[in-house]
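Q: I would like to learn how to read pockets and helix packing in a model. Could we take the features one at a time?

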Amino acid sequence: MSHIITHYLPELDEPERSFIAQLTAPMSEADVRQFAIAYRTRRKDPQTVLLMAAIGMAGVPGLHRFALGEVAIGLLYLLTGGLLLIGTIIDIVKHKELAFNYNRQVAMRIARNLRPEVSFG
């Protein structure tokens, strides 16, 4: 089934691709297609998270955290200058992990909506 995911979501890298392949394994091809459409519109690209964190270094600290739905941390970064830039620097280093954690939650939400009768994680 992972070849189907690669077909519908070729932009995914590891470990995201493996996670999505495992998550969509019990789904029919039609469900996988619907999942891919919904996931593509909601997922955050790691490069976009990196760019927003870099912008936070120069202008709006916490922008990437707001985009990832972490409003409280975004406000904290905004009010403290990205925790004196140390938090922003750490987030730049961990941008792929931040994006993957967000995307994993989004994927599980979409999968639950498509197949409520199947337990996902």
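Q: Which residues lie nearest the centre of the largest pocket, and how many residues line it?

A: In this predicted model, the lining of the largest pocket is made up of 15 residues, and those nearest its centre are D13, E14, E16, P46 and K96. The space within this pocket comes to about 240 Å³.

Q: Which elements give two or more residues to that lining?

A: They are α4 (46-58) and α8 (95-114), and of the contributors it is α8 that gives the most, with five residues.

Q: How do the residues of the lining divide into nonpolar, polar and charged?

A: Eight of the lining residues are charged, five are nonpolar and two are polar.

Q: How should I read the packing of two helices, and at what angle do the axes of α2 and α3 cross?

A: In general, a packed pair of helices is described by two quantities, the angle between the axes and the distance between them. Here the axes of helix α2 (residues 16-24) and helix α3 (residues 29-42) cross at roughly 140° and come within 11 Å of each other. Because angles over 145 degrees count as roughly antiparallel, a crossing at roughly 140° leaves α2 oblique to α3.

Q: Is the crossing of α2 and α3 left-handed or right-handed, and which residues make the contact?

A: The crossing in which α2 passes α3 is right-handed. On the α2 side the contact is made by E16, I20, L23 and T24, and on the α3 side by V32, F35 and Y39. By class, the residues of this contact are five nonpolar, one polar and one charged.

How values were computed:
Residues numbered from 1 in each chain as written. Predicted model: local features only at pLDDT ≥ 70, side-chain atom pairs only at ≥ 80, totals over all residues. Heavy atoms only, no water. Axes fitted to C-alpha atoms, helices over the stretch in contact; angles between N-to-C directions. Helix = DSSP H or I, 4+ residues; strand = E, 2+ residues; numbered from the N terminus. Parallel < 35°, antiparallel > 145°, perpendicular 65-115°, else oblique. Left-handed = near helix turned anticlockwise from the far one by under 90°. Contact = heavy atoms within 4.5 Å. Nonpolar A, V, L, I, M, F, W, Y, C, P; charged D, E, K, R; others polar. 1 Å grid on protein atoms, 1.4 Å probe; cavity = no way out; pocket = protein on both sides within 12 Å on 5 of 7 lines; lining within 4 Å. Points joined across faces, edges and corners; volume = space filled by probe spheres on them.
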